Amino acid sequence: MNKTILEVKGLKKYFPISKGAQKGMFVKAIDGIDFTTKEGETLGLVGESGSGKSTTAYNVIGMYGATAGKITFKGEDISQISSKRPLNFKKDIQMVFQDPGTTLNPQRSVRQILTLPLSIHGMLDKNDPEGQLIQLLEAVELSAEYLYKYPSSLGGGERQMLAVARALSTNPSMIVLDEPTSSLDVSVQAKIINMLLRLQQQHNLSYLFITHDLSLMRNLATKVAIMYLGKIAEIAPVETFFTAPRHPYTQMLLSAIPVISEEEEIFKQAKITPKGEIPSPVNVPKGCGFNTRCPFAKEECFIDDPLMQEIEPEHFVRCHLI
Amino acid sequence: MNNKQEKVVTKRDKYENIKQSWYKFSLNKMSVVGLVVVCLVAILGVFEPIIAPFPTHVGAYVNFKEASIPPNTTYWMGTDVFGRDIMSRIFYAFRGALTMGIGVLVVVVPLGGILGLIAGYWKGNWISTLIMRVTDVFLALPPLILALAVSAILRPTLLNSMMAICVSWWPWYTRLIYGMTTTLRNELYVKSAELLGASKGHILFREILPNCLGPLFTKMTLDMGWVILTGASLSFVGLGEQPPIPSLGTMVSDGAKFLPAQWWIAIFPALAIMVIVLGFNLMGDGIKDMLSSEE
Amino acid sequence: MKDKIVDIRDLHVWYRTFAGQVKVLNGVNLNVIRGEKVGIVGETGCGKTTTVKSILKILAKQASIPKGEIFFNGTDVLKKNKNELKQLHGSGASMIFQDPTMSLNPVFTIGSQMFAVIKYSGQPGAEKKSVQQALAIKALKETSMPDPERILQSYPFQLSGGMRQRISIAMSLATPRDLVIADEPTTNLDVTIQDQVLKMLKQRVEDKGSSLILITHSLGVARETTDRIYVMYAGSMVETAFTNELFKKQLHPYTQALMDCIPRLSGGGVSEGIPGRIPNYLNPSAGCRFAPRCPKAFERCQTEKPEYVDVGTEHQVACFLYS
């Protein structure tokens, strides 16, 4: 039985607006979320603009400190910003960012980029530093000659693979991945996802994987959480999430995906046509945040924000219709 | 293991990079002209004793028989009131000019740059505000006026006029690097380094600074011309290298009295100043193109 | 004889760089029948954008066209100069870009930009402000934009990405066009917004009787929006078929590999991807450009370039496996 490695409770992250017409108000990027991840598991976070999925990732990795709530990693509290965390946590959780264009410093060679995390944490092999780096490259299926190249001569896919190598270098227990393949071609994406799955097996890694691509999530995650306007609308084991989702937003998102085969059409659920615009996280509607677009909204939905309910083991939904 | 192979790969990459940089630079013909001019000035200045027709004329040389001769086949640019060959003196003066330019930049770029990095990275912090307010104060004063004021207090020598220019020049670099640092510190690769636990020194000098080099080198190239011009302006009013050492500005001011009759005494040094500034400016355009990353 | 609004034959496009000529397009054949919605599907760098930019002749100045012909509405585009092409740009074709910040100027209001587009369209009466206003509001209403009058007075930064893209679409359909070219119009949009935008684009194009060229790297998007698809790889078309047909039967190894790579909503794991990289366009091989990565390649593929072969109704493949 795998034990829990990451636990998030009541996490909130508000950003104050300092200028303009809305001064004094807050962007409620995350407004109270709870989830747990077990060792060796992949938790998928899905959502669209303003959902707060990236902010969640940044909170876990320490780019932001929590406004309220608690994040616990291996039993220790890591709710604060990275600079206030102990050094050993910085090597135990690593991150891969979305944009391959800016994730690597264009003025530094691959060798310099990969050496940095090792030298910070004193993990550099003094006798054979190059050999150590070459092994890292091989783990992500890149040849030794990449060592002296610069990011500008690499394609997007290669840069992301390097970002993964950098994340792996310190033998972390968990990697947070924020849309790592969204800007890549499908054939490159397949290669990287394959590699991630293989590495997970080999090193018993836990992943917090964020994407808007539900088809990808289906084949990658152990558990899926869908976010809307800073809150989790539904969270369930992957099979249940895709075969029997209960939240109208989950169903709406599923029905909007362009698929390529007839068999997949079945999973697009009752064809709930997406309508309306996504509200801004500054002006969250009163009651349930989804009420501006939900085809089933009733009176209650405009007054009270629903609570998370566990409708079956491990399956939570936040909706008045349950 | 494959060390030799990798070193070969590195060398080849570097060679390719240089070829590509040169290609970008040379796309604009005028930049190449600028480069040629600058190289010529440097060569003439450095090899003056060998190239100049009358190397002794740069010192305390007087020959009233040959004074104020217009440009002819012996004296290509004529002679001044003391009978000294103007061309040889101009070549020698190039030394002072280039020394001025390089000397000033060697001081202001690191000084201004480091202050800019600190102020930019810790923007919002009191130290950043302090640095930038002091910078603003210095920027409010016109560089020439400030240099004049400082020079007037100190004895007029090349070194002192260089120091005077330094005092008024450093804030421009602080502002340049500050601007770039405030943007660059939000780049993902910088955030990555922070999250990994890198030291602030590493982040400032190894992650951020290398990405500032483009605009920095462009500005430095252009500034060479402007510093030289400012230096010439200072020596024009007597605050620079003292006679008999030739300095372009002094030569112009001495010769101005003799316009328009003995025009060559002032005009040739003035043209020389113009040529240097133009050369660096044209080169600066090319450097900008060379460092811009357009594929 | 079908009325072809666009007919590209054996198009070659080269770009001059310091390292030599980059041979981006290697013999592109593509046509669009009036009223048809055609999709060009391919991965980054295969030349999709270069192809459509050639139709409008808006390629960068380092580009040259050593070979090939492009016919738009029967006119040979490559033989025309700038003035003669004005009609083409004014009312013949319009382009929707992937990033609406490219086609919307941030310092002008939406209204002033839309009026400008209408004014230069050559429509009768288009010089009058009242006509421009009326057409602009009509176009916005047709794309289900709420409160068109307020939108016309807004600046692009005040609107969301989805709205900006819909405005781009409205702008390109404000006056009658023979052809709309949409280059990855929904790539940067949220999935639910993408769904709405694509449906709207399809509807508008059909209502106006225009033709559509849709460029996308997503086969799913192409499946839902187009009648016929071209699959492109490294500068030429490798397979083309009616949309329904293509998803039932893929013949070219690249098309098959591409389909394989796409994760399925129904589960089933992730494929291995396609080994190798896209070829170097500086010194491309004389043979099939996919051969180095093709699991079914044989000797002939390395040296000869495969031509199109008919394998069904409007279904063609450029592969030696079928000839």
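The legends below describe close-up views of a predicted model.

Residues are numbered from 1 along each chain as its sequence is written, while chains are lettered from A and ligands numbered from 1 in the order in which they are written. Because the model is predicted, local features need pLDDT of at least 70 and side-chain atom pairs count only at pLDDT 80 or more, whereas totals for chains, interfaces and linings use all residues.

**View 1. Chain A as a whole.** Chain A holds 10 helices and 12 strands; helices (H or I, at least four residues) and strands (E, at least two) are DSSP runs, numbered from the N terminus. Along the principal axes, the C-alpha atoms of chain A fill a box of roughly 70 × 50 × 45 Å. Of the 322 residues, 50% count as buried, that is, 20 or more other C-beta atoms lie within 10 Å of the residue's own, with exposed meaning 12 or fewer, partly exposed the range in between, and C-beta atoms placed from the backbone. Among contacts in chain A between residues at least 6 apart in sequence, 62% join residues at least 24 apart; a contact requires C-beta atoms, placed from the backbone, within 7 Å.

**View 2. An open sheet in chain A.** Four strands are arranged in the order E2-E1-E4-E5 (chain A), with antiparallel pairing; strands pair if DSSP finds at least two bridges between them. Strand E2 (26-38) and strand E5 (76-77) of chain A each have a single partner strand, so one side of each is left without a neighbour in the sheet. Strand E1 (residues 4-16) of chain A and E2(A) are joined by 10 bridges. Lys12(A) has Asp31(A) in E2(A) as its bridge partner.

**View 3. The contact of chain A with chain B.** Here 22 residues of chain A meet 20 residues of chain B. On the chain A side, helix H2 (87-92) and helix H3 (110-120) each supply at least two residues, and H3(A) gives the most, with 3 residues. The chain A side divides into 12 nonpolar, 7 polar and 3 charged residues; Ala, Val, Leu, Ile, Met, Phe, Trp, Tyr, Cys and Pro count as nonpolar, Asp, Glu, Lys and Arg as charged, and the others, Gly among them, as polar.

**View 4. The contact of chain A with chain C.** Chain C contributes 34 residues and chain A 32 residues. On the chain C side, the elements giving two or more residues are helix H8 (191-208), helix H9 (219-225) and helix H11 (253-261) of chain C. The largest share, 5 residues, comes from H9(C).

**View 5. Strand E6 of chain C.** In a regular strand the side chains alternate between the two faces of the sheet. In E6(C) (residues 93-96), Ala93(C) and Met95(C) on one side and Ser94(C) and Ile96(C) on the other are all buried. E6(C) runs parallel to strand E7 (residues 179-183) of chain C, joined by 4 bridges. Ile96(C) has Ala182(C) as its bridge partner in E7(C).

**View 6. Ala152 of chain B.** Ala152(B) lies in helix H6 (residues 143-153) of chain B. It counts as partly exposed because it has 13 C-beta neighbours inside 10 Å. Ala152(B) and Leu239(B) are 87 residues apart in sequence, yet 7.1 Å apart in space, C-alpha to C-alpha.

How values were computed. Two residues are in contact if their C-beta atoms, placed from the backbone, lie within 7 Å.
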